[in-house]
Amino acid sequence: MATANSYILLVLVALVALTPSTSASPLKNLNSDILHIFLQLLGFPPGLIPEPVENFAISIVDLCPPTVNFTIQFKEPCYVTYVYPNYFAPVFTGNITIGKISGMRGHKDQLPSTGEWTDMYDVTVVGETLVFKFATETVTYPRALFEEVKTCTYGPLIPDDPNELIYQVLLFIG
Ligand SMILES: *[C@@H]1O[C@H](CO)[C@@H](O)[C@H](O)[C@H]1NC(C)=O
Ligand SMILES: *[C@@H]1O[C@H](CO)[C@@H](O)[C@H](O)[C@H]1NC(C)=O
């Protein structure tokens, strides 16, 4: 495990060094490509995040296990359908480590149980499935559904909901 952690840490350090965090890339979709490689190195299917990604940045926040926080920027609010309609705010943030994305802000799904746009907090890889934790429920889908990188459609901004406060309290309780 120590060896795997050191390896991932090296990869993350290399990526942090390589990540173009401010200037626009001269190569179209270079940021999307690096992001999708990054997702795969951490055990996720590349299509988990759609394109085109305008910009993304990562910083190391923890060494054991190696964890980075990320900020992904879309030019406009980005809509894409996997199983349900998904929404990515122009600024989407969270923490990522091997097999787990947590503390997500700026990603919602329109859940069929309520028809409401609901915040997604965590994604965990469990074998050949992905477990998605929402504010109100947890759902599991085959990872194969997220292998293909989809292109999003721009749409209206969805304001943050009143669950915001509850989320902050949950984070605090940990
Ligand atoms: C990571 O978190 C720190 C502290 O909250 C913040 O200052 C930094 O901008 C974040 N980095 C990214 C890439 O989101
Ligand atoms: C990200 O990880 C750091 C270090 O483990 C932690 O302090 C921070 O609260 C996490 N942020 C979120 C949004 O979960």
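Figure 1. Ala57, Ile58, Ser59, Val61, Asn69, Phe70, Thr71 and Thr93 are the residues around ligand 1. The structure shown here and in the following views is a predicted model. Two elements, strand 1 (55-63) and strand 2 (66-73), each contribute at least two residues to this shell. Strand 1 provides the largest share, 4 residues. By residue class, the shell around ligand 1 comprises 4 nonpolar, 4 polar and no charged residues.

**Figure 2. The surroundings of ligand 2.** The shell of ligand 2 consists of Val61, Asp62, Thr67, Asn69, Asn95, Ser102 and Gly103. At least two residues of this shell come from each of strand 1, strand 2 and strand 5. In terms of class, the residues divide into 1 nonpolar, 5 polar and 1 charged. Val61 and Asn69 belong to the shell of ligand 2 and are also listed around ligand 1.

**Figure 3. The largest nonpolar core.** This core has 27 residues, of which Val53, Phe70, Ile72 and Phe88 touch the most other members. Two or more residues are given to the core by each of helix 2 (30-41), strand 1, strand 2, strand 4 (85-97), strand 5 (100-110), strand 6 (117-126) and strand 7 (129-134). The largest share, 5 residues, is that of strand 4. In soluble globular proteins, nonpolar side chains tend to be buried together. Phe70 is a member of this core and also one of the residues around ligand 1.

**Figure 4. Contacts of Val53.** When neighbours within four places in sequence are set aside, Val53 is in contact with Asn31, Ser32, Leu35, Ile72 and Phe74. Ile72 is, like Val53, among the core residues that touch the most other members.

Figure 5. Glu51 and Pro52 are joined by a cis peptide bond with omega of about 5°. Pro52 is located in the loop between helix 2 and strand 1. A cis peptide bond also leads from Cys64 to Pro65, where omega is near -5°. Pro65 lies in the loop between strand 1 and strand 2, the two strands that each supply at least two residues to the shell around ligand 1.

Figure 6. Asp109 is situated in strand 5. This residue counts as buried because 20 other C-beta atoms lie within 10 Å, and the criterion for burial is 20 or more. Apart from neighbours within four places in sequence, its contacts are Tyr84, Pro85, Asn86, Thr118, Met120 and Phe134. Thr81 stands 28 residues from Asp109 along the chain, and the C-alpha atoms of the two are separated by 9.0 Å.

**Figure 7. The hairpin of strand 6 and strand 7.** These strands pair in the antiparallel sense over 6 bridges. Within this pairing, Asp122 has Lys133 of strand 7 as its bridge partner. The hairpin has 2 residues between the strands, and Gly127 adopts a positive phi near 60°.

**Figure 8. The hairpin of strand 7 and strand 8.** Strand 7 pairs in the antiparallel sense with strand 8 (residues 138-142) over 5 bridges. The two strands form a hairpin with 3 residues between them. Thr138 in strand 8 is the bridge partner of Lys133, and Thr140 in strand 8 is the bridge partner of Val131. Lys133 is also the bridge partner of Asp122.

**Figure 9. The fold surrounding the close-up views.** The protein contains 3 helices and 9 strands, which follow one another along the sequence in the pattern α-α-β-β-β-β-β-β-β-β-β-α. Of its 174 residues, 24% are buried. Among contacts between residues at least 6 apart in sequence, 45% join residues at least 24 apart.

Definitions and conventions:
Residues are numbered from 1 along each chain as its sequence is written. Chains are lettered from A and ligands numbered from 1 in the order in which they are written. This is a predicted model: local features need pLDDT of at least 70, side-chain atom pairs count only at pLDDT 80 or more; totals for chains, interfaces and linings use all residues. A residue is buried if 20 or more other C-beta atoms lie within 10 Å of its own, exposed if 12 or fewer, and partly exposed in between; C-beta atoms are placed from the backbone. Two residues are in contact if their C-beta atoms, placed from the backbone, lie within 7 Å. A residue is near a molecule or strand if its C-beta atom, placed from the backbone, lies within 6 Å of it. Ala, Val, Leu, Ile, Met, Phe, Trp, Tyr, Cys and Pro count as nonpolar, Asp, Glu, Lys and Arg as charged, and the others, Gly among them, as polar. A nonpolar core is a set of buried Ala, Val, Leu, Ile, Met, Phe, Trp, Tyr and Cys residues joined through C-beta atoms within 7 Å. Two strands pair if DSSP finds at least two bridges between them.
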